[in-house]
Amino acid sequence: MSPDIQSTEWQLLDSWWATYAQTQSLVRSSAGPYVHGIDDWTDSWSELDSWWETYAATGHETAVKIGELLAQSNAQWEASAAPFDSDPLASDLTNERLQRGPLRPGREESWSRWFARVLNSSAALVREIFDVPVTEPPRDIALEDRLQKDGDGHRRPDILLFHADHGISIEVKLDDERYGKTGETAALVERKYEDVEWTHTLLLPTRKRGRLESLVSPPIDDDGDGPPSIEWDTPGPVDVVYWEDVTTAIRAVLRRGEGGDDQWAANAYLFCAVVEQELLQFQPEPVIRKVANPTGVVDTLYPIGIEDVLAKQLTYLQKQVDA
């Protein structure tokens, strides 16, 4: 449960915690798990009942709201210019079949290659994500181009998009936190392709923003005028884009009927759905329906473990429906 959602309910844990502190050392812990006897703490466990019920109810209420937003979104997609009549979260792509497909969810280069293919034939999506005035799809794309450093070593930018007189470099991140290399790589891109006007971008999960702020200098410039950026002296600003920005842009372009032909639209729609369910961990509509209308203990307790995700998904979907 997010501390911001039900902060008053946390005090219900005080008596349980006090009992724990009196019986267990808070400084030392055993190497193995300690199983508390039910008989020892009968009174204390009962103190948790109302907290537990509130905790589960909060997740259930959030799931009901998400279900309502998904129903609105499905209607919007059906009425839109997109060649799809339902939200990208309408189908469950998180089962084991996805793990046997060509995508390797834990590999940054796998996401990078798929993202490059989505960008390859769509000027509308490039404009939507990177806010650059291009009118044609990229004339060329380079993946992991080799850029020689001074002396030994080299850097490999994940994606380079080449337009007529403009280029976009994209560093794709999942859990790799070596953000300091991004500025150096961007500078090497400008040195190798000096006749191109460049926009540099660092793409990462929103949950990594705190780590990014703690690891890079100068600090992120996020004054609300344009995308957040890191103002390095060399090569200059590197825009920070989050995976949520990418999926939001794909949704917007598809619903306007822009972007590309049906083949491109199918690839972009699937990419959006997989990013939302694999990287953002959003729950697909079949799971939301079960949580919103539980028929057993498993469905009732399921939202307890994903309360924060459900809260973020609710905010995200509200933004999509209101767009």
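Which residues in H4 meet which residues in H5?

A: Happy to walk through this. The model is a predicted one, in which local features need pLDDT of at least 70 and side-chain atom pairs count only at pLDDT 80 or more, while totals for chains, interfaces and linings use all residues. Residues are numbered from 1 along each chain as its sequence is written, and side-chain values use heavy atoms, with hydrogens and water left out.

On the H4 side the residues are Phe115, Val118 and Leu119, and they meet Leu125, Val126, Ile129 and Phe130 in H5. Contact here means heavy atoms within 4.5 Å. Helices (H or I, at least four residues) and strands (E, at least two) are DSSP runs numbered from the N terminus. The axes of H4 and H5 come within 8 Å and cross at roughly 115°; axes are lines fitted to C-alpha atoms, for helices over the stretch in contact, and angles run from 0 to 180 degrees between N-to-C directions. By class, this contact divides into seven nonpolar residues, no polar and no charged. In that count Ala, Val, Leu, Ile, Met, Phe, Trp, Tyr, Cys and Pro are nonpolar, Asp, Glu, Lys and Arg are charged, and the others, Gly among them, are polar.

H5 itself (residues 123-130) is mostly covered, with six of its eight residues buried. Buried means under 20% relative accessible area, exposed over 50%, and partly exposed in between (1.4 Å probe, protein chains only). The buried residues of H5 are Ala123, Ala124, Leu125, Val126, Ile129 and Phe130.

The contact of H4 with H9 divides into 11 nonpolar residues, one polar and two charged.

Leaving aside neighbours within four places in sequence, Phe115 is in contact with Ile129, Phe130, Ile159, Ile170, Leu203, Val246 and Phe271. In the largest nonpolar core, which has 53 residues, Phe115, Phe130, Ile170, Trp243 and Phe271 touch the most other members. A nonpolar core is a set of buried Ala, Val, Leu, Ile, Met, Phe, Trp, Tyr and Cys residues joined through side-chain atoms within 4.5 Å. H2, H4, H5, E4, E5, H8, H9 and H12 (307-322) each supply at least two residues of this core, and H9 gives the largest share, nine residues. Apart from it lies another core, of 11 residues, including Ile220, Trp232, Val240 and Tyr242.

The strands named here belong to an open, mixed sheet of seven strands, in the order E1-E4-E5-E6-E9-E8-E7; two strands pair if DSSP finds at least two bridges between them. Strands E1 (140-143) and E7 (220-221) stand at the edges, each with a single partner strand, so one side of each has no neighbour in the sheet. E1 pairs with E4 (residues 159-162) in the antiparallel sense over four bridges, and Phe162 in E4 is the bridge partner of Asp140. Helix H8 (residues 243-255) packs on the sheet, touching E5 (166-172), E6 (197-204) and E9 (237-242), and its direction makes about 70° with that of E9.

Gln281 lies in the loop between H9 and H10 (285-292) and has a positive phi of about 65° although it is not a glycine. Gln281 is partly exposed, with a relative accessible area of 41%.
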